[in-house]
Amino acid sequence: FSLSMSLFVSVTLVPVLLLLHATYERNHTFRSMASIWEDAVNKSPGNPRAHYNLGVAHQSEGRYDDAIKHFYHSLRLDPNCEDSHFNLGVIFYNVGYIDKAIDHYIYALKLNPDAATHNNLAVCYSAKGLKGPTIEHFRQAVVLDPSFTEAQFNLGLACLENGHADEAKAAFVRAIETDPTHKQARYYLDMFSQGGRGLIGSFNKDFGSAGGRPLIGSMFGTQ
């Protein structure tokens, strides 16, 4: 099956011209990265890091089938490459294969229990309506990295949905402490100060757009 997807964006004329220029520059960069790592894979097909980086380049272009192929190839060469599991989780979440995403995040956590993976796993559990695991993994994310603004915000939203108002408010406060420009967190705190009207109704609107999206892994340098 094909996992490649396209995105259509409608904006006014001048922003379209700016967007097209930015998109061209970004795509040109990703194509250049893909070419570099394709050459590295051809020269060193047994290098798991080269396959991983080529997977990231394809993922950034939206070429999910190719990205998946190289992430799995990197895992065949190095079963302990947690970053390949991490990015496979990102792809499978984005195309709606939530259970596959969860499997890869759980495996990644066994290899390296970091904040980003806990955050992403929590997002997946939220998509499946599993409220307990959602909150637990957001909590673990912020314990591991208290400066992780979006995990703090996500924890606030998840606690809010589950009626943990005090914990939600504290998480929004911490989100603003780590990023004073975080408008969504400040919005929720303002609603708390107004007696909480509209808090729950705003949760479903904001979770997907404001913070409830998984993060993508970065490239490595060659060894």
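**Terms and the values behind them**

Mentor: Leaving out residues up to four places away in sequence, Cys 81 touches Tyr 52, Ser 74, Leu 75 and Leu 111, where contact means heavy atoms within 4.5 Å. This is a predicted model, in which local features need pLDDT of at least 70, side-chain atom pairs count only at pLDDT 80 or more, and totals for chains, interfaces and linings use all residues. Residues are numbered from 1 along each chain as its sequence is written, and side-chain values use heavy atoms, with hydrogens and water left out.

Trainee: Why is Cys 81 called buried?
Mentor: Buried means under 20% relative accessible area, exposed over 50%, and partly exposed in between, with a 1.4 Å probe and protein chains only. Cys 81 has a relative accessible area of 9%, so the residue counts as buried, and its place is the loop between helix 3 (64–77) and helix 4. Helices here are DSSP runs (H or I, at least four residues), numbered from the N terminus.

Trainee: What makes Ser 84 buried?
Mentor: Ser 84, which is found in helix 4, has 0% relative accessibility and therefore counts as buried. Setting aside residues up to four places away in sequence, Ser 84 touches Tyr 52, Phe 71, Ser 74 and Leu 75.

Trainee: Why are helix 2 and helix 4 called roughly parallel?
Mentor: The axes of helix 2 (residues 48–61) and helix 4 (residues 82–94) come within 11 Å and cross at roughly 20°. These axes are lines fitted to C-alpha atoms over the stretch in contact, and angles run from 0 to 180 degrees between N-to-C directions. Angles under 35 degrees count as roughly parallel, over 145 as roughly antiparallel, 65 to 115 as roughly perpendicular and the rest as oblique, so the term roughly parallel applies to helix 2 and helix 4. The contact is made by Tyr 52, Val 56 and Gln 59 of helix 2 and by Asp 83, Ser 84, Asn 87, Val 90 and Ile 91 of helix 4.

Trainee: Which residues does Cys 124 contact, leaving aside its neighbours within four places in sequence?
Mentor: Cys 124 is in contact with Tyr 93, Ile 98, Ala 101, Ile 102 and Tyr 105.

Terms used: Helix = DSSP H or I, 4+ residues; strand = E, 2+ residues; numbered from the N terminus.
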